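Hi,

Here is the structure I promised to send over.

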Number of protein chains: 2
Amino acid sequence: MSPIFCPGNRAGENFCLDIYGSMIYTRAMKAIILSIGDELILGQTVDTNSAWLSARLVESGIVPEYHQTVPDELVAIVEAFKAASTGADLVIATGGLGPTADDLTRQAMAALAGAKLILHGPSLKKIERFFRKIGRKMPAGNRIQAMIPEGGMVLYNPVGTAPGFCCSVGKAKIMALPGVPKEMKVMFDRHVLPVVKAGNRRRVLTQRLNVFGLGESMVAAKLGKMMARDRNPLVGTTVSGGIVSVRIRGEFEKNKKGIPEMRKTVAEVRRLLGDYIFSEADASFAEVVGELLLARNRTLATAESCTGGMLGSMITEVPGSSRYYLGGWVVYSNQMKTQNISVPGDMIRREGAVSAEVARKMAEGALMKAKADYALAITGIAGPKGGTRKKKVGTVWIALAEKKTAGCAVYAEKFLFPGDRAMIRDRAAKMALNILRLRLMRN
Amino acid sequence: MSPIFCPGNRAGENFCLDIYGSMIYTRAMKAIILSIGDELILGQTVDTNSAWLSARLVESGIVPEYHQTVPDELVAIVEAFKAASTGADLVIATGGLGPTADDLTRQAMAALAGAKLILHGPSLKKIERFFRKIGRKMPAGNRIQAMIPEGGMVLYNPVGTAPGFCCSVGKAKIMALPGVPKEMKVMFDRHVLPVVKAGNRRRVLTQRLNVFGLGESMVAAKLGKMMARDRNPLVGTTVSGGIVSVRIRGEFEKNKKGIPEMRKTVAEVRRLLGDYIFSEADASFAEVVGELLLARNRTLATAESCTGGMLGSMITEVPGSSRYYLGGWVVYSNQMKTQNISVPGDMIRREGAVSAEVARKMAEGALMKAKADYALAITGIAGPKGGTRKKKVGTVWIALAEKKTAGCAVYAEKFLFPGDRAMIRDRAAKMALNILRLRLMRN
């Protein structure tokens, strides 16, 4: 399980008290988030950066004043910078740092500050090195990525070629980061978080518990008064990809001990939701299941039909998954089911490929063929076509086979998942992992 | 391949001329999009409404000036309304129309207009009827949902309880819609679109070409002066998941024919980027490859090591992929490679699991076992561990086996993908599909 995010540790500081979350002292800093890009203004891309940045700022006790999104136009960016820098101490801008002619964040900053763009030698060397490494000559256009407004500070980019920059306008700091989420996130942690931390005053503790198998309103019903808006720690829920995250957030004066209160709230949420909680913080299903398998020294194989490899792909997202995952079969055609994992052809004809019998045989076949301790099998109708009145789109059989001293034990369960093809496949793969998780927890 | 989006068809009108994109006549209306809600400002929810609204406006020839997101605070909403109404003809606001104390859009509008809130009888009746229907008494708090600023217009909500409203401030129209996407979308089409359409004057044509195998700056270098910011049609690029999308957008006076100019630009981009372009509009790699296989009546199997099923999962994202995809093997362990798709154990020991030989044998084994026409195999080091000086993290061998009258032909290529585990796996799966695409195009 990944550790709970703790910026104190990460930054090498020493005020993170325990696993219950991050702990930061902040003064009431005013922050504004700007997103720059035609693809956002044209509605071609959904801006996820602003929400991510907001959540990180809120963890540190700062609620942003507003978000604004502007197109790749010099005047629009300058105007947004100007307005934001009069209304905030910290302006976080993302996007517009690419190498092409429509990337204008640097130029806008220079125009606002009345400064010229100057070349930063080490950054240029880094970009040239990158292109050499992949065996190409740096296109001339990339040179602009090594330039920043005079008087500004270069923000090193450890995961991409282009640096960001930081400029002061009046009493505001404008920090410009790349728009690519992966680069933006690393650079936020590296460059922006230390600025946010300077001069802390309040203490914010956060924790997140992830729930699967219950809808958001069912979670809310189970949590009841715990979710009152005037409670501290505050308990809220968000939902994404079928996973309901219960977010707990306590704000305390620096002289008050918040940890015991956080502990109490977390314990109460755990009591109310029980096994529905599968992980904390960012730990995924596959990580949790992987840890359980490792701890018990057990191996896993898979046999997938409608998910087409998604279950195997989820399992192998985890580094080191080769220690417990042997592999699997994508038996999309019936012939693949019969010839590779011994599902009898007449059984498929008699019961249908989406049936308890076939799911069980798939799990059993995978278990035997791979010589694994556990095998998961999924067969279902992901749609949009292929449903019948008896077997609707969304019908999925999931089976779990477990090696026993003699032979194996097989458990199978039928589900009817709502949503479209992508959602049905995603939920089926997660549900298979959940079935294994619950089984492993009892072993 | 999915058809190019054509709003003319969607609206039941008849001015979409050909596959080169949407085509609408609009006057140069200035529009601003506001999102209202603490959940957005706190980063608990990603704002998808703004992108959706933008895309719909752009289809109608209007590029929004900016998006802004503000919290559920009276002053912040009033300020945002004030600024937007001085900078635009049309302000579309979403959110803040719920029944609870933190829903303040109505009050903010009233405060800005210096008007009081008045009750709209029919709306109140509708809300009361809703609660009667679900067997509950209307909570007193819901009464506010039937109130709108005096002088404003009620916008009927056909899919929810709360109406929206429209108020004029100076020469700007402020139209307030619910934040729930489902209600917002229906109400946009019903109330906002007619306003947008009134008095159209310009024509906007759009097209998107998707590129794989070239970085964004290389694409820009190849496109050269085509990307000049003052060009019409305008050519821009965005990148996501290793795919560079070239976006072409032409704006024309109503009396000028834009289609030939769009055609010319699209043809020129196609000439400059050639086979690197793998699809148009929203068509994914898997869809393109699926269409090519279907057209040639060929079948496909897969053998995956480091991607762990991701390639199969991508292929089966496409509805109807069972017509050409037979299935595959996730041969994560060496034993799985040897026992299932006949990769000799001594070859793995001699050459290593990540080698040309093993990739070729994997593809060949999958082809033979599945009796497929083509088989793709992937074996690599996805990291973060497992790299050596000779075989760095990111090293991936991809092989393509093709059935011949006698036996098969196998092609293999080595790649060094940058990035983290997730990126290496994603690029490897896409590259495998790209290799097959290029092969199929030549057959």
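**Where the chains meet**

In this predicted model, 64 residues of chain B are in contact with 65 residues of chain A. On the chain B side, the elements that put in two or more residues are α2 (38–41), α3 (49–59), β3 (67–70), α8 (216–223), β11 (234–240), α11 (310–315), β15 (325–330) and α15 (421–442). The top contributor there is α3(B), which gives seven residues. If you sort that side of chain B by class, you get 33 nonpolar, 24 polar and seven charged residues.

There is also strand pairing across the two chains. Strand β3 of chain A (residues 67–70) runs antiparallel to β3(B), and the two are joined over three bridges. Which residue of β3(B) is the bridge partner of A:Gln68? That would be B:Gln68.

**A helix pair inside chain A**

The other thing I looked at is how α8 (residues 216–223) and α9 (residues 259–273) of chain A sit against each other. Packed helices are described by the angle and the distance between their axes. Here the axes come within 9 Å and cross at roughly 115 degrees, and the crossing of α8(A) past α9(A) is right-handed.

If you want to find the spot on screen, pick A:Val219, A:Lys222 and A:Leu223 in α8(A), which meet A:Val269, A:Leu272 and A:Leu273 in α9(A). By class, that contact has five nonpolar residues, no polar ones and one charged.

Cheers

Key:
Residues numbered from 1 in each chain as written. Chains lettered and ligands numbered in written order. Predicted model: local features only at pLDDT ≥ 70, side-chain atom pairs only at ≥ 80, totals over all residues. Contact = placed C-beta atoms within 7 Å. Helix = DSSP H or I, 4+ residues; strand = E, 2+ residues; numbered from the N terminus. Nonpolar A, V, L, I, M, F, W, Y, C, P; charged D, E, K, R; others polar. Pairing = 2+ DSSP bridges. Axes fitted to C-alpha atoms, helices over the stretch in contact; angles between N-to-C directions. Left-handed = near helix turned anticlockwise from the far one by under 90°.
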